[in-house]
Amino acid sequence: MRPEPLVEAPPGHIEGTAARLLEISDLEVIAQTPREAVKLLRGVELWLDNNRLGVVGESGSGKSMTAAAILGLLPPGIRPTKGSIRFAGRELLGLPESEMQSIRGRQISIVYQNAVTSLNPLTSVGDQIARVCRAHTGVSRSESWTRAVEMLASLGIADATHRARDYPHQFSGGMAQRVAIGAALICGPKLLIADEPTTGLDATIQVQVLDVITESVRRTGAALLLISHDLGVIQATTDSVVVLYAGLVMEIGRTQDVISSPLNPYTQGLVRSLTPKNDGTIEYIPGRVPEPHTIGDQCPFASRCPLASERCRVEKPLLRELRPGQWVACHNV
Amino acid sequence: MQADIVSVAQLPPELPPVRPLGQVGQLWSYRRQFFNGYWLVLGVFVLVALLAPVLAPYDPVRSDLAHQLLPPSWQHWFGTDIYGMDIYSRILWATRTDFTIALIGVLIAVAVGVPLGALSGYLGGFADDALSRLSEMIQAIPLFLFALMVFAALGNSSRVLVGVVALVNAPIFLKLTRSVVLPLRGADFIAAARCAGLSPIQVVIRHILPNALAPVSSQFSISCAYAIQITAGLSFLGFGVPIPYPEWGSMIQEGASRIIYGEWWTSVFPGLAVLIAVLGFGGVGRQIHKMYAS
Amino acid sequence: MNQLRSLAAPAARWSLFVARRLGSAGIALLGVTILVFVVTHLLADPVYLLIGQRGTPAMINSMRHSLGYDQPLWVQYLRYLGALLHGDFGTSRFTFQPVAGEIAQRFPATFELSVSAMILGLLWTVPLGVISATRPGGLVDRISQAIVEFGVAIPSFWLGLLLVFFLYYKLKIAPAPIGQLDLQIDAPPHVTGLIVVDSILAGDTIALTSALSHLLLPALTLSLTSCPPILQLTRNTMIQVLRSDFIRGARALGLPLRTIYWRYALQNTLLPVTTMTAMTFGYLLGGTVLVETVFSWPGIGLYAVQSMQRADYDPILGVVLLASTIYILVYLAADLAALFIDPRVRDAS
C-alpha cells in the first residue's frame, strides 16, 4: 500500500535542500486483528542528521515499533498505513524485501536489548560478524575474519583473536553487547539504532556499554538513534530527544532543553518523576497508559493530563515549534 | 518464502469477545471450539459397541463355507472372509472386543500409575528414583517384543493382553502424575494444609490430585488410542484374542494372506476400523488437552 | 579445529558427565536383564517351560536340581548374567542352535531394513518440516499435520498390506512380499550380511536391484509409520527457532534469507531433531516385528514371532535383550552427541 504523502511538512524542512539522514513523517502503523485495525503509531514524526537522537517513552509507547518500521521488520499482522520514512532521501516504506536486505546491516544497523539471545548460539561470534561483513561486501573469508577480530578488539574485548572463536553464551551481558555492536558496525552503516541496549545490565556495565556505543559511533562517523525508557540514559548519551507517548510524538528538541525545561505536560510529568521530591517520594503521573484500541483521533494523554480540555479529547495535536529547536504537540501550551 | 519473524515488545492485547447470551453464549462457542468430529466418531463407536447384537445382520462367529471370500455386495456390505463369516457383522462385534480391552487396560494403568506417580512425586528421594528407574526400564524394551515376552511367561489369553496394555501404559501415567505433583510439593497451600492437620495422604488426594485430573483425562484418551493399536497388533500376530472371536487385528491377519490374490476386503475394512478408532481417541485426547490448556 | 580447542579446556568437567551417563546406561541395561530374568524365572517356572506337561513331578524335580533352579534367586541371576556376558543367550528348542548365533544371522536383515526406513524417513520428514515451518497454517503445513496425524494412527501392518495390494497386486510395480530377494536369485557372498552392501561389493547388479526393490515396500511402510514424529518435531522446532531473537537479529543485520533459513535456523533445529532421529532408529531396530511379519522379512522381529509360535522361548528373550541394549546405547549416543553439537551443553555440564 503506497503511503500517502505528507499533508503538512515538518517544521524547518524546505523542499530542495539536502535531505536529512533519517526523516519520519506522519507515520501510522496499525495492528490488524480479526475484528478491527488498531493504531499503534498514530502519526510519528522525527528527524535526525548526523547526530545522536534519543527516543524516550514508557513500554507500549511505540519506540520499538518505530525501529521495526524503519528496518521493515514489523511482525506479521502489523503494517504501516500512512506517512513516510526517508533515509538519505530515499523512501523506505514500500521498498521490496531484497532492497531492504541490502540496507539492513549496511546502511542502517540495530542492536537489541538482550545481546546474548540476539546472537546465534551455535556459531562463534567471530564467524557471525565475519558473515555480516561478507554478506554486504565481497571480501574473502580470511579478510572478513581479520576485520571481525579487529572490530572486537576496537570495542574493548581483550584477547580478541581467541575470543572471536568463542560462543555467545561464553560472554557476559556487557561483553555480548559489544559483540552485537561489532556485528552492527562492521560494514560502516550511516545509522545505528540501539533499542534499550543497556536495560537489564548492571549499573556499572550500563555505563561501559553506553561509552562503547558513543565511542564507536563517533569513530565510525555513524548517527545514533537510541531508544530507552530511562531518561537518565538518554540524558547521558544523546544530543536531541523525541518523547513518545502511546504512539504519538509529544515533544522533540535538544536533550538538555527538553529535560531542563519541558514544554509538553507529559514530558513535564516524566522529568518530574526523574528526581525524587524533598521528602523522598517520587511524583508519578496518575492514571495508566490507555489501551491502543481505546484511543481515537485525540491526544492520547488527555485522560491523564492536568491541562486537558475538550479539544484535547477530540483532536490530535500536531507538532509546533514553540521555541527555536523545540517542537511540542499540545493544544494548551 | 515469507516468514515475518520479528517479535517486538508490545502487541495489542486480546480484545474481549462479544457475548450476546452471556453464559449460554459462552457454552455455545465453547462447543464449537472443543466438541467436534472426533467426539462424534467416538460416540458412534461406543454406540456400535453397545448395540452390536442389534445392528449386526449376521452371526459373527458362524462359519458358512458356501459363501467364502465374497466381495462386498448388498448382502454382505463388507464381503465375507475365508470362513464365510460376514465381515461387517464381525467388525461391529469386534468394536466391543477392542474397546473393552483398551478401556480396561488403560483403567488399570491409571489405577496403578496415578497413585504411584503421586507417591513418587510427593515423597521424592529413593522411592522416586526407584519408581522412575522402573518406568524407564519398562519403556526401554520395545513394545511388541516386551509383549511377546509377557505372553511367553504368562500364556496366551485376552487377560494377559489386558495386562500388557496396562503394563505398557502405567509408566506413562506414573510420569504424568509425578510431573504434576512434584512442583506442587513445596507450595504454600500444601504447607498450610499440613499445618491444619491433614495427613500427607489427605493432602495428596484432596489438594494435589485434582490438578492432575485434566492431564490424566487427556492422556487417558490418547492411551486408549495406543491401546487399540497394541491390541490390534498383538492379535494380528496371533496373541491375545483367540480366533474366531471377532477382533480387528486378528481379522486383518486372516485376510493378510489373501491380499496378494486381490481379495482386499478381508483386511482393509477391519484396518479402517482400527484407523478411525485410533484417530477418534487421539483427537478427543487432544481436544481435552486444548480444553484445559485455555 | 575450533571444536577441538573448545573441547580441550573443560575436559575434566564433562568426563564426569560422560561417566555419569555411561553409569546411567549401565544401570538401565542391568535393569533390563533383571526384568527379563524376573519375567522368566519368577512368573513362569522355567523347568515347566522346558518340559511342560510331559514330565512327572520326579522328573521335574531332578531337572530342576541338575539345572540349578533350586538355588537361591540371586545366585541364579548371577549365573544368568555371567552367561549373558559370555555371549550365551540360551539355546533354541526348535533348532538346538545357540540363540546368539541365530540372532546374529538374522540381525543384518533388520538392520538393513531399519537403516533404509530411517534414510527414507529423513528424506521426506525434514524438508517437509522445514517448509511447513516457513508458512505455519499454510497448505503445506496443513498437509504435514494431516500426515502426522494419520501416520501415527495407522497400524503399520495394515499399511504394509495396503501397499502390497496397490503396488504389487494392482500396479505391479513392487515385488511380492516374500523376503529380501526374489526366490530365484542367489544372495551375494556374505561379507557384512547386509544384502545391499554385499551385492555392491560383489558387483552383482541383479541381486542389488532385486534387494532394493524388495526393500522398498517394507522400508516405506516403516518410514511412514515411525517417522511422523520427526516431521512434527522439525516443524515445531523450526517455527520456534524462526521466532527467536537471534533470527530477528540475523535478519536485522541484512543476512540473506538463504543463510538465515538453511544455516542459522536449520542448525538450531537439528539438535533436538538429531536426538529424536537417534531414538527413532533405536526404536526401529527393535520395533520391526509387525512389518517383518507382513513382508516375511528374515530379521530378528520375525524370528521372535516364529519362536513364540513354536513355544520356543529363549530366542524371544535374546531378541528382547538385544533390542533393549541397542535402544539404551543409541539413547546414550544421542545424549553424548549433544555434547558435540551444542556448545552450551558442553559448558553447562
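Here are some questions and answers about a predicted model with chains A, B and C.

Residues are numbered from 1 along each chain as its sequence is written, and chains are lettered from A, with ligands numbered from 1, in the order in which they are written. Because the model is predicted, local features need pLDDT of at least 70 and side-chain atom pairs count only at pLDDT 80 or more, while totals for chains, interfaces and linings use all residues.

Q: What is the average pLDDT of chain A?
A: pLDDT is the predictor's confidence in each residue, from 0 to 100. In chain A, 95% of the residues score at least 70. Over residues 1-17 of chain A, however, the pLDDT is below 50. Where pLDDT is low, the predicted coordinates should not be read in detail. For chain A the average is 88.

Q: Which element of chain A has the highest mean pLDDT?
A: Helices (H or I, at least four residues) and strands (E, at least two) are DSSP runs, numbered from the N terminus. Helix H11 (residues 310-314) of chain A has the lowest mean, 88. The highest, 96, belongs to strand E6 (residues 108-111) of chain A.

Q: Which residue is the bridge partner of Ile108(A) in E7(A)?
A: E6(A) and strand E7 (residues 191-195) of chain A run parallel, joined by four bridges. In E7(A), the partner of Ile108(A) is Leu191(A).

Q: How many of the seven residues of strand E10 (residues 248-254) of chain A are buried?
A: A residue is buried if 20 or more other C-beta atoms lie within 10 Å of its own, exposed if 12 or fewer, and partly exposed in between, with C-beta atoms placed from the backbone. E10(A) is joined to strand E9 (residues 240-245) of chain A by six antiparallel bridges, and to strand E12 (residues 326-329) of chain A by three antiparallel bridges. E10(A) is largely enclosed by the rest of the structure, because its buried residues number six.

Q: Which residue in the turn between E9(A) and E10(A) has a positive phi?
A: E9(A) and E10(A) form a hairpin with two residues between them. The phi in question is about 45°, and the residue is Ala246(A).

Q: Which helix gives the most to the side of chain C that touches chain B?
A: Two residues are in contact if their C-beta atoms, placed from the backbone, lie within 7 Å. This contact takes 50 residues from chain C and 43 residues from chain B. Among the helices that each supply at least two residues to the chain C side are H2 (11-41), H13 (257-286) and H16 (313-341) of chain C. With nine residues, the one that gives the most is H16(C).

Note on methods
Two strands pair if DSSP finds at least two bridges between them.
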